[in-house]
Amino acid sequence: TVAAYQSSSGRGVQLLVRDLEEERRAENERIERESFFRLSADGFCILDGELRIRQANAALARQLDCTPDALSGRALEDFVETHACAHTRAALQALAIGEALIGRECATANGALWLEWSFARARADAWFAVVRDISRQHRAEVQARLLQRAVEAAQNGILVTDARQPDQPLVYANPAFSAITGYALDEALGRNCRFLHGDDRDQPGLAALRAALVDGREASVVLRNYRRDGSLFWNELFVAPVRDDSGRLTHFVGIQQDITEARHNEERLAFQALHDDLTGLPNRRSLLTRLRALPAVPGIALLLIDIDQFKLINDTLGHAFGDDVLRALAVRLRGALPDKALLARFGGDEFVIAVPREQEASVQQTLAAVLVAVREPLEVHGMVQHLTPSIGVALAPEHGHDPETLVRNADAAMYEAKKQGRNAIMFYSEPMHAAVRTRLDAVSRLRNADLGNELALHYQTMHDGRDGSIFGVELLLRWPHGPQELRSPDALVPVLEETGLILPVGRWVLDQACRRQRMLQGLGAQGCRVAVNVSALQIVHGTLVEDVQAALAAHDADPALLELELTESALMADPRAAEQTMWRLKRLGVSLAIDDFGTGYSSLAYLKRLPVDKLKIDRSFVRDVLDDDDDALICGSIISLAHGLGLTVVAEGVETEAQRQWLATRGCDAMQGYLFTRPQAFADAVA
């Protein structure tokens, strides 16, 4: 373009030449920049020297959730965290013209949006900024950091092996792997994990693991592994394959858990399920299982051993001491038996031995060894114990083909050995089975019966030692229609105690005693005392005081006319409990007597502490008092002792007038026995 014009001096014409092509190119570039500025998916803006937005494109406005006009004049601090903005301002001031600042220092959170601001100087007091949405990248980085932190903090070992290499070396392991195995990472990386197996290469779990690695599939196995120091640990390992986008196997990820303690607990529980806690011997379940696995030929002999009167050790020296005695005895028995013999503890003070009958002499030899082992004095904590056994023997196949039958029959034989006086050996026989069956049936009958219809109380009068007058009656338990061998109290009461039936029966007897006391008062027998016997179980394990209170209240009975008779053995079953119970009974107002005095083992020092009112001389001393000097001395001594302690003394089992006179001359306060009356029904006793 050429333009002519007159100069101001009027002396000529000048030409102005303009290069329109250059302007056209500049204009096109401007249009392109503005179009890119407007249409770009990335955000763009121009900031002034105060870092305020002078111009922004629509993409940035969308990113910041506003309009381009609304962004004009807004400060960078409105969108960028304060500390990041301060860092950016300092960095921008250091930029020379033409340089650019690109980084993530200015990433900001706008809800769930993260933006990256990149800056370039436009001129001395202005900057261009390109703003990119990096939210997805940021979330991926955060997730990766969290995953890395979780892996490093995991209590289980996490490891990665390279499946592309023939030896599948370990390429990653977390800190827990080192803690579990004892190997530092630099010692483990690059090696095949078989170094953890040591020489233990024939494990079933290893075969399953190798097959899974070959097939490229998941697997879960339990392995015996070895730490760097050589110690064994049980490793529960889960492995899973990792494949790339094309499906090619590249790695295996493994998760290992040290289950050593859990494994030991399982083994301990398995041992406890089959062994006795106290002695470590096999228990009943274990023995029966082993017996079932034995061949039928040549048969076995089953010995059931019960330690005679072991309860006395527990009661006098304590259960802890008794446990130590049983442990020592178990060791001695184990050492005395042949290797093929099975020794088990069935609980309490019962042991069972099963010995193969390879030769008939083997049973006799085993019995002889058991007798020596039990009877030989046993020293425990400096105290020597003299034990004796009652042994029942059942032979297979003669006495049973299955373990349960053999045990039952050996128990019947052992019970018979005790009946014969203890410290004896009894072989099973059919009559024993019948006796045991009768006993079990009788117990079942009593357990399910109305006691008032099954049991009965007989009454025996008690007489004044001077004039023979009646001052009371003693209630004696009977089972009129029970088995012949259980009709007497001496046979019935032990069975009731063994089965625990003595507790409900004892409550029934107390109730009947208080009822009869009220009836006697109504019949004119004023001041007539009623005496009942009390079992050791009622004192130690029952609610004797509460039962007495309930019976007295139910019949409005006079506690002063109720007399409770306790044997010396009952008192010594648990001396502390017995003493406490007796003082509580005494506070109720009832009278207390020690029955069968002289047959037990209570000390005089202990006797002085008890609130006892009366001593009853056992009938075994009275029976021969006229013919046996020892019995006469004992009876005289008991009378003197009782009077010296301020107690009343009663003689039981007086059957002749001569016995009565002998006792009367020595000051015996009261007597009872066949000389006066036999035990009889209530109607006959009060007739």
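Predicted model: local features only at pLDDT ≥ 70, side-chain atom pairs only at ≥ 80, totals over all residues.
Residues are numbered from 1 along each chain as its sequence is written, and side-chain values use heavy atoms, with hydrogens and water left out.

Let's start with the rings. The structure holds 2 aromatic pairs (rings of Phe, Tyr and Trp, the last by its six-membered ring, pair if their centres lie within 6.5 Å; planes under 30 degrees apart are stacked, over 60 edge-to-face, and the rest tilted). Tryptophan 117 and phenylalanine 119 make a stacked pair, 6.4 Å centre to centre with 20° between the planes. Tryptophan 117 has 1% relative accessibility, so it counts as buried (under 20% relative accessible area, with exposed over 50% and partly exposed in between, using a 1.4 Å probe and protein chains only). Phenylalanine 119, at 2%, counts as buried too.

The other pair, tyrosine 183 with phenylalanine 195, is edge-to-face, at 4.9 Å centre to centre and 80° between the planes. Tyrosine 183 sits in the loop between helix 6 (175-181) and helix 7 (185-188), while phenylalanine 195 is in the loop between helix 7 and helix 8 (204-215), 12 residues apart. Helices (H or I, at least four residues) and strands (E, at least two) are DSSP runs, numbered from the N terminus. Both tyrosine 183 and phenylalanine 195 are buried.

Phenylalanine 195 also has the charged end of arginine 191 over its ring, 4.2 Å from the centre (this takes NZ of Lys or CZ of Arg within 6 Å of the ring centre and within 35 degrees of the ring normal). Elsewhere, arginine 263 lies over the face of tryptophan 234, at 4.0 Å from the ring centre.

Now hop along to helix 22, residues 575-588. At 1.5 Å a residue, its 14 residues should span 20 Å, and its end C-alpha atoms are 20 Å apart, which agrees; the expected span is 1.5 Å times one less than the number of residues. The buried residues of helix 22 are Ala577, Ala578, Glu579, Thr581, Met582 and Leu585. After helix 22 comes glycine 589, with a positive phi near 100°.

Last stop: the second largest pocket. Its lining has 26 residues, and Asn192, Cys193, Arg194, Leu209 and Leu213 lie nearest the centre (a pocket is an open set of points on a 1 Å grid over the protein atoms alone, where a 1.4 Å probe fits, with protein on both sides within 12 Å along at least five of seven lines; lining residues have an atom within 4 Å of a point). Helix 8 gives the most to this lining, with 5 residues.
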